Amino acid sequence: MNQSLRKANPIQETVCGFAPATIANVNVGFDVLGISLSTVGDRVEVTPNGTQQNKITFIESATPLPYAVEKNSCTVVIAAMQAQLENPLYVDVRIRKGFASGSGLGSSSASSAAAAFAYNTLMGNPFSLEELLPFAAEGERAACGSAHYDNVSPAILGGIVLLYQNKPIRLPLPKGLHAVSFFPNIEVNTASARSIVSRHVSLDIVSKQVSAMGAFVSGLYQENYDLLRKATKDFLVEPSRKILIPYFDEMKEATLAAGGITFGISGSGPSVFALAESRTVAERILAELHKIYAGQGIETLSFIEDLANGKGCRIAQFDE
């Protein structure tokens, strides 16, 4: 027997995991920084089926998702975990998407994280939360071709997470910090959004972005909103990606005029986000964003988050 395999103590009952939407990059940390939200997320339920194979029995999603277990992020994650266990249980899986795929809010990450958390709970928690990250990242690989950690890490761990060599570093969140998420219902393909980002940038741009990241982290620890306002800038990705999002410049100008700390692209878009130092400012920002899109014929979804509530994965009821 492979001595590296984990021994599980399954609880032999149905488990449903919830994982939240996330904001990746946060302007300063392309592919290495993410924030957990809490208002919306995905639910994945696992039930032992007494067979030697996994099966997806139900999917609720605004966009079609595969029932084939080798293609769906949730069952790819579960299979990766089963391969590391001495005594895995095979499961029936139900999936309920809480927000649209391709929104820029970590859709595949939320499903992958919820699946990892639910299956780990079912098996008696043989893996720590941090050990779930590589499994969840395999779900990202199945969905978009590469195993990104910047969404799955905050989705599982909660809060704001910085990645160093794919290892999570949990950062503090200043009191009162709120996020505004605004999703214009247009299609921005993740692969396409990545393809337009230049693979070669000047040392001057790199220097500015490294400096901004350092100042951002310092601002979090100091709870210094003035420093965060100056530092949270995207010199690498925003200049090329913003053309994919209608009225981006107008929304950014309105956000900053309304007192926002920063405004930027959430993940690959089309969702955008703003950070604010209070709910009052966040509500003012959201009102301005709605004004810009009013009468444009584009549906939008929006919400405000108190980032102190971003707790990561949790046990939930599938039909809540």
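**Domains**

I began with the division of the protein, which has domain 1 at 15-171 and domain 2 at 178-309; these bounds come from an automatic or database domain assignment. I kept in mind that this is a predicted model, where local features need pLDDT of at least 70, side-chain atom pairs count only at pLDDT 80 or more, and totals for chains, interfaces and linings use all residues. Residues are numbered from 1 along each chain as its sequence is written, and side-chain values use heavy atoms, with hydrogens and water left out.

Taken over C-alpha atoms, the centres of domain 1 and domain 2 are 24 Å apart.

**The interface between the domains**

I looked up contacts next, meaning heavy atoms within 4.5 Å. Here 28 residues of domain 1 touch 35 residues of domain 2.

The size of an interface is often given as the accessible area lost when the parts come together, so I looked that up too. Between domain 1 and domain 2 about 2400 Å² is buried, and carbon and sulfur atoms give 64% of this area. On the domain 1 side, Asn 27, Val 28 and Phe 30 lose the most area to domain 2, together 29% of what that side buries. Buried area here is the accessible area (1.4 Å probe) that two parts lose on being put together, summed over both.

How many salt bridges cross the interface of domain 1 and domain 2? The rule finds zero, a salt bridge being a side-chain nitrogen of Lys or Arg within 4 Å of a carboxyl oxygen of Asp or Glu. Polar contacts do turn up across this interface, in 10 residue pairs with both residues at pLDDT 80 or more. A polar contact is a pair of N or O atoms within 3.5 Å; within protein, one must be able to donate a hydrogen and the other to accept it, and residues adjacent in sequence count only if both atoms are side-chain atoms.

Which elements give two or more residues to the domain 1 side that touches domain 2? They are β1 (15-24), β2 (33-48), β5 (160-164) and β6 (167-171). I noted that β2 gives the most, with seven residues. Helices (H or I, at least four residues) and strands (E, at least two) are DSSP runs, numbered from the N terminus.

**Salt bridges**

In one of them, the side chains of Glu 60 and Arg 96 meet at 2.9 Å, N to O. Glu 60 lies in strand β3 (residues 55-60) and Arg 96 in strand β4 (residues 91-96), so this pair ties together parts that are 36 residues apart in sequence. I also found Glu 60, Arg 96 and Asp 319 linked in a network of salt bridges.

Is Arg 96 buried or exposed? Arg 96 counts as buried because its relative accessibility is 17%, whereas Glu 60 is partly exposed at 35%. The cut-offs for relative accessible area are under 20% for buried, over 50% for exposed, and in between for partly exposed (1.4 Å probe, protein chains only).

Glu 138 and Arg 141 form another salt bridge, at 3.0 Å, N to O. Both lie in helix α3 (residues 132-144), three residues apart, about one turn of the helix. Glu 138 is partly exposed at 27%, and Arg 141 is partly exposed at 40%.

**Around Leu 244**

I placed Leu 244 in the loop between α8 (238-241) and α9 (248-257). Leu 244 is partly exposed at 31%.
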